[in-house]
Amino acid sequence: MGHKNNNIYNETIEKLKSMQAFGQSKHQDKKDGNTQDKIYSYSTFKTYKEKCMDFIKMARREYKCKTLDEAKQYVGIFLQGKIEKGYSVWTIKLYASALGKLYQVPANSFIELPMRHRSDIVRSRRDNTVRSKHFSETKNKVLVDFCRSTGLRRSELESLKRKDCYEQDGKWYVYVESGKGGKSRNVECLDLPQACIDKIKSTKYEDRIFGKVSSAMDVHKLRAEFANAWYNKIARPLEDIPRSERYYCRGSMKGRVLDKMAMERVSNLLGHSRICVYAYSYAR
């Protein structure tokens, strides 16, 4: 049975659908202060929908709510319950962001959200995660090396076609037509192995190079390796960096000073708009 006859479910889905802005410029909307009622990518929409429906199910089951307005007062209780069950800080904030979008309020409006610390990040910090045990880097060497040389996200790897890869002045590049937030970018490959070049050249112009990528492959780890290799290649010695172009890390990385110019370059290659993402999620 579905939720066709339950108005609160339909109301939730329609509310989220009304905010779909796939392909629109988030960058320009940020300048205009006009992002609160928009969702810019299908993946974000899908995730927000999943988190919001989790809440709605609870509101229906526990409090017999029939409308979004009736359910709103229970968001704080719902989030607190997730905290007590031991959900990660990232997951709690994702739920809060989704529900904040649904109710058009800041994510921290419901309860005081727990603080995130870099030391809490467990994704890809260990080589032998449970999921990775079921993935052989040796058997998938070309794919792994390609990801390590390009830093593409899983969805970007899966959609990449032969026509998106090109050589210029002795260097290889990949063009990402629609990355996170629908943004496009050109990525300069880093030390692309010959086997990867052969894979590109043997693929038909309109065909995808890899297609489906195993969920067991630790893409984030490979993106981090790409990010750090690029950073180490282009970062200036500390004594050559003007004070205004130095990034002073905080938290568990306090005391480390990074090169803002190199951080910006790496962030752009990864498809991020904020340079601090490199320091927080990729720097080693």
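1. Helix H11 is followed by Gly-271, whose phi is positive, near 90°. Helices here are DSSP runs of H or I with at least four residues, strands are runs of E with at least two, and both are numbered from the N terminus. The model is predicted: local features need pLDDT of at least 70, side-chain atom pairs count only at pLDDT 80 or more, and totals for chains, interfaces and linings use all residues. Residues are numbered from 1 along each chain as its sequence is written, and side-chain values use heavy atoms, with hydrogens and water left out.

2. H11 spans residues 260–270, and its buried residues are Ala-262, Met-263, Val-266, Ser-267, Leu-269 and Leu-270. Buried means under 20% relative accessible area (1.4 Å probe, protein chains only). Seen down the axis of H11, these buried residues fall within an arc of 160°, so they line one face of the helix. The arc is taken from the directions from the helix axis to the C-beta atoms.

3. Two strands pair if DSSP finds at least two bridges between them.

4. S1 and S2 (residues 171–176) pair in the antiparallel sense over 4 bridges. Within S2, Trp-172 is the bridge partner of Glu-167.

Definitions and conventions. Buried < 20%, exposed > 50% of the residue type's maximum accessible area, 1.4 Å probe, protein only.
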